[in-house]
Amino acid sequence: MTRYVDGFVLPVPKANLDAYLQLAQAAGAVWKEHGALEYVECVAEDVKAGEVTSFPQAVKLQEGETVIFSWIVYESREHRDSVNEKAMKDPRMANLKPEDLPFDAKRLFWGGFSEIVRF
């Protein structure tokens, strides 16, 4: 079975990391409760601006911000669609508005990917 992964990259002000961690923990619990296989959030440690492209360039990283890289694993794309529908209707997520988030949602980017190699 080919698993499916949603990947996310976003900038978070360093001053908001604690608030982001709380949001990420709450979101992770929601997605796992609704069937996600894995929910992972990572903060940049060894991420440098590139000459052509990089994580900082992709999110238009500003002074005082860091990059978050995260992913959620599902059984399939269909499973992802089902889990996301349930998670987004969950009262813990349904009432979130972009202005309530501890980051600039306009600079978040994401995509869905079919797994092709796993060891």
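1. The largest pocket is lined by 26 residues; Phe-8, Trp-31, Met-88, Phe-103 and Leu-108 are the ones nearest its centre. The model is a predicted one, and the volume of this pocket comes to about 680 Å³.

2. The lining of the largest pocket is made up of 20 nonpolar, two polar and four charged residues.

3. Several elements contribute to that lining. Strand 1 (4–13), strand 2 (38–43) and strand 3 (65–74) each supply at least two residues, as do helix 1 (17–33) and helix 3 (77–89). Helix 1 gives the most, with five residues.

4. Helix 3 can be checked for length. With 13 residues at 1.5 Å a residue, helix 3 should span 18 Å.

5. Which residues of helix 3 are buried? They are His-79, Arg-80, Val-83, Asn-84 and Ala-87. Viewed down the axis of helix 3, these buried residues fall within an arc of 125 degrees, and therefore line one face of the helix. An α-helix has 3.6 residues a turn, so residues three or four places apart point the same way.

6. Glu-78 and Lys-89, on the other side of helix 3, are exposed.

7. The buried residues of helix 3 are covered by parts of the chain that include strand 1, helix 1 and strand 3. Helix 4 (91–94) and strand 4 (109–114) are also included in this cover. Strand 1, helix 1 and strand 3 also each supply at least two residues of the lining of the largest pocket.

How values were computed. Residues are numbered from 1 along each chain as its sequence is written. This is a predicted model: local features need pLDDT of at least 70, side-chain atom pairs count only at pLDDT 80 or more; totals for chains, interfaces and linings use all residues. Side-chain values use heavy atoms; hydrogens and water are left out. On a 1 Å grid over the protein atoms alone, a cavity is a set of points where a 1.4 Å probe fits but cannot get out, and a pocket is an open set with protein on both sides within 12 Å along at least five of seven lines; lining residues have an atom within 4 Å of a point. Grid points are joined across faces, edges and corners, and a volume is the space filled by probe spheres set on the points. Helices (H or I, at least four residues) and strands (E, at least two) are DSSP runs, numbered from the N terminus. Ala, Val, Leu, Ile, Met, Phe, Trp, Tyr, Cys and Pro count as nonpolar, Asp, Glu, Lys and Arg as charged, and the others, Gly among them, as polar. The expected span of a helix is 1.5 Å times one less than its number of residues. Buried means under 20% relative accessible area, exposed over 50%, partly exposed in between (1.4 Å probe, protein chains only). The arc is that of the directions from the helix axis to the C-beta atoms. Contact means heavy atoms within 4.5 Å.
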